[in-house]
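This report describes one protein chain in plain terms. Please look at the sequence and the structure before reading on.

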Amino acid sequence: MIRRRVTVLGSTGSVGASTLDLMDQAEATGTGAFEVEALTGGANIAKLAEQARRWRPKVAVTADPARLEELRDALAGTDIAVAAGDAAIVEAATRPVDWIMAAIVGAAGLKSAWAAAATGATLALANKESLVCCGPALIERVKRAGGRLIPVDSEHSAIFQVFPAEAPERVSRLILTASGGPFRQTPRERMIGITPQQAVAHPNWSMGAKISVDSATMANKGLEMIEAAYLFDMPQDRIDVVVHPESIIHSLVEYVDGSTLAQMGPPDMRTPIACALAWPDRIAWPAPKLDLAVLGRLTFEAPDLLRFPALDLARQALKAGGATPAVFNAANEVAAFAFLDRKLAFLNIAAVVAETLECATKAGMAFGSGDACGAALSVDAETRRMAETVIAGLANAA
Ligand SMILES: NC(=O)c1ccc[n+]([C@@H]2O[C@H](COP(=O)([O-])OP(=O)(O)OC[C@H]3O[C@@H](n4cnc5c(N)ncnc54)[C@H](OP(=O)(O)O)[C@@H]3O)[C@@H](O)[C@H]2O)c1
């Protein structure tokens with residue numbers, strides 16, 4: 001029986017809701033028992049309130065102060081405290097618990113992940129953007145507090161499960177698998193008119209809108225390459241990406257003796273979340289299981305860097321180091337949301353990232369002194385302004 005006192009940051013999102021669903025199923029199966037300290041969400045008050053009524057956290061927090069009264073009304077008659085705003089989310093993240101799921105989307109999740117890292121709890125990190133923005137400092141902060149960081153991204157969870165942490169010199173290469181997204185086989189000339197609706201329709205995974213767009217441009221794999229470099233202390237030239245459309249092998253670790261270990265499973269985020277929730281133990285729940293005979297075959301191909309330039313831009317950002325991965329992240333986030341808001345064409349997402357990276361390099365963008373989270377947030381804010389200018393320039397030129 002796994003017992004945990006938990007907080008879920010971003011509980012109303014795809015990963016957050018999957019976390020609560022998994023906990024529900026483990027309780028129903030009699031393999032898990034959970035107390036919830038805090039749940040946090042954004043705009044979806046109805047879902048946050050429904051989750052809070054089920055799990056009875058000490059506090060439910062919305063990121064949006066304008067929605068506090070709506071949340072208060074929705075939880076009237078309960079003893080659940082309510083709060084709103086960034087500072088309240090950070091406060092929720094610092095409450096003593098055994099396990100914290102960091103599943104807010106984008107750089108908005110950085111402050112709370114940073115706060116959670118100092119608590120000494122196990123930090124289940126889905127918010128890859130915070131690792132990309134200040135990975136080494138975040139990892140060090142978790143260590144110093146006596147906690148443990150467990151990756152939730154399915155690829156990093158896969159590597160984490162087969163990586164020899166006690167002898168990293170035995171590893172020659174990490175191989176990240178990528179589904180290739182919904183446009184894996186779309187010719188470039190037909191990528192011009194891609195709509196947000198088409199881009200978020202991922203063939204294998206059910207995910208939030210931003211990561212779905214990132215998956216469609218393959219910027220997601222670029223972010224994951226950076227994430228892997230920091231998590232496993234691996235130089236970029238020893239991290240490869242292979243397209244594997246079935247999303248069954250979640251990633252591989254190649255050893256120096258030529259042996260390669262892979263982790264497999266159906267494409268369901270509840271499995272890597274279960275791994276993070278129970279680690280180093282395993283929790284039984286009614287998980288979907290692999291049937292290789294039914295699958296028949298697994299296929300692989302090299303990524304097409306011409307149609308998906310974001311992947312190489314991420315590699316260049318990782319190579320450049322310093323603040324450049326944070327610049328890549330912010331530029332990509334602005335461009336992905338501009339595309340979702342129908343203010344930017346699909347193919348221009350990578351173009352905006354490329355131009356913003358160039359502007360930032362010319363401007364000598366670097367982390368300032370002081371705490372790594374604050375420095376990353378300054379770079380994030382400055383890059384957002386640059387990316388907005390680039391997007392405005394494209395709109396004026398059109
Ligand atoms: N989805 C996946 O399968 C998957 C897999 C691997 C990694 N990840 C990573 O996990 C993270 C979450 O992804 P997701 O797909 O679950 O995203 P999502 O479905 O969009 O959910 C995002 C969560 O963050 C909340 N949120 C949005 N803006 C916020 C803000 N400014 N401040 C505080 N909270 C805010 C949302 O609240 P409301 O919805 O209430 O507005 C929601 O709870 C991302 O970093 C993603 O890259 C996701």
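The model is predicted: local features need pLDDT of at least 70, side-chain atom pairs count only at pLDDT 80 or more, and totals for chains, interfaces and linings use all residues. Residues are numbered from 1 along each chain as its sequence is written, and side-chain values use heavy atoms, with hydrogens and water left out.

**The sheet**

Helices (H or I, at least four residues) and strands (E, at least two) are DSSP runs, numbered from the N terminus. Two strands pair if DSSP finds at least two bridges between them. Seven strands make up an open sheet with parallel pairing, in the order β4-β3-β2-β1-β5-β6-β7. The edges are β4 (81-84) and β7 (148-151); each has a single partner strand, so one side of each is left without a neighbour in the sheet. On average, neighbouring strands are turned by 25° against each other, direction ignored.

Strands β1 (residues 2-9) and β2 (residues 32-41) run parallel and are joined by eight bridges. Ile-2 has Gly-32 in β2 as its bridge partner. Helix α2 (residues 45-55) packs on the sheet, where it touches β2 and β3 (59-62), and its direction makes about 150° with that of β2. Such axes are lines fitted to C-alpha atoms, for helices over the stretch in contact, and the angles run from 0 to 180 degrees between N-to-C directions. Contact here means heavy atoms within 4.5 Å.

**Around strand β6**

Strand β6 pairs in the parallel sense with β5 over four bridges, and β6 and β7 also pair in the parallel sense over four bridges. Met-101 has Ala-124 in β6 as its bridge partner, while Leu-123 is partnered by Leu-149 in β7. Helix α5 (residues 110-117) lies across β1, β5 (99-102) and β6 (122-125), at about 155° to β6. Together β5, α5 and β6 form a right-handed β-α-β unit. The crossover from β6 through α6 to β7 is right-handed. Right-handed means that, with the strands pointing away from the viewer, the path from the first strand over the helix to the second runs clockwise.

Buried means under 20% relative accessible area, exposed over 50%, and partly exposed in between (1.4 Å probe, protein chains only). Both faces of β6 are covered, with Thr-122 and Ala-124 buried on one side and Leu-123 and Leu-125 buried on the other.

**Lys-128**

Lys-128 belongs to helix α6 (residues 128-144). With a relative accessible area of 4%, Lys-128 is buried. Beyond its neighbours within four places in sequence, its contacts include Asp-153, Asn-220 and Glu-224.

**Salt bridges**

A salt bridge is a side-chain nitrogen of Lys or Arg within 4 Å of a carboxyl oxygen of Asp or Glu. The structure holds 26 salt bridges, including those in the table.

| Pair | N to O distance |
|---|---|
| Asp-21 and Arg-270 | 2.7 Å |
| Glu-166 and Arg-170 | 3.8 Å |
| Glu-224 and Lys-221 | 2.6 Å |

Asp-21 lies in helix α1 (residues 14-29) and Arg-270 in helix α11 (residues 270-278), so this pair ties together parts that are 249 residues apart in sequence. Asp-21 is partly exposed at 29%, and Arg-270 is buried at 18%. Glu-166 is exposed at 64%, whereas Arg-170 is partly exposed at 42%. Glu-224 and Lys-221 are three residues apart in helix α10 (residues 219-231), about one helical turn. Glu-224 is buried at 1%, and Lys-221 is buried at 6%.
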